[in-house]
Amino acid sequence: MDEIMMKQVVEAVLRELQAGKDTASACTEGMDRLLVVGDMNTVPPDLARDYVLLPVKDYVEYGNIRRYQKILITSLSLTQMSDIAQGRDGSPEACAVITGLLNGMEVCITENAFPHRKYAGKSSSRLYEVIENNARMLQSFGIKLLKESRIVSDPAPVRSPKYQAPPVEVPVGTACVNSDRLITEAVACALAAGGEKDICLSRDAIVTPSAWDIFRQKGINVTRQ
């Protein structure tokens, strides 16, 4: 491949890359920017859908916290968490969060961003309390805790039972309640609402205790036939 052809190939590749970049920019034009401190892959789906996600290296490159509309913390090291709690900008992550808070920006954090909580009940209680105090300090600064998003997977296919009993034929009529034979409290109230003082029930009617109470309270004389 001669030099002229090589140059043409390089120019064609660059044009394709630029076209892809322009298309991506057009798709996200007008959307708010979300600065993600931590793992980009654990951003809740609703935020990933509504924002343009940008990593901390974008903040390092531009150095302008006002470039973003919101900050989301998805993971922190113990050092980063301590730095933020103490107001130390010892890392780009801590610097971004502290600068955002000082500028009155909305800062959120996911539950799994606290690396120490998986050791709850296992580690030294005193050490855990010291680290947990830093976590509480972050929330006292106004950092909002987001509940962990639960991804609902497709339901597992229903398997047929290995052994299945033969179907049972239900006798016709046994599934319906005969209101003439069963007198419940609700039925008694309905009968009493008519203002009658004498009510005649079928001989085999079943009257519940609460229904008898209604009849007695209303002074209704019940007979059977």
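Modeller: Phe 215 is buried, with a relative accessible area of 1%, where buried means under 20%, exposed over 50% and partly exposed in between, for a 1.4 Å probe and protein chains only. This is a predicted model, in which local features need pLDDT of at least 70 and side-chain atom pairs count only at pLDDT 80 or more, while totals for chains, interfaces and linings use all residues. Residues are numbered from 1 along each chain as its sequence is written, and side-chain values use heavy atoms, with hydrogens and water left out.

Colleague: What is the geometry of the pair formed by the rings of Trp 212 and Phe 215?

Modeller: Rings of Phe, Tyr and Trp (its six-membered ring) pair if their centres lie within 6.5 Å, with planes under 30 degrees apart counted as stacked, over 60 as edge-to-face and the rest as tilted. By this rule there is one aromatic pair. The centres of Trp 212 and Phe 215 are 6.1 Å apart and the planes stand at 80°, so the pair is edge-to-face.

Colleague: Is Trp 212 buried, partly exposed or exposed?

Modeller: The relative accessible area of Trp 212 is 30%. On that value, Trp 212 is partly exposed.

Colleague: Which ring does the charged end of Arg 67 sit over?

Modeller: A charge sits over a ring if NZ of Lys or CZ of Arg is within 6 Å of the ring centre and within 35 degrees of the ring normal. The charged end of Arg 67 is 3.9 Å from the centre of the ring in question, which belongs to Tyr 62.
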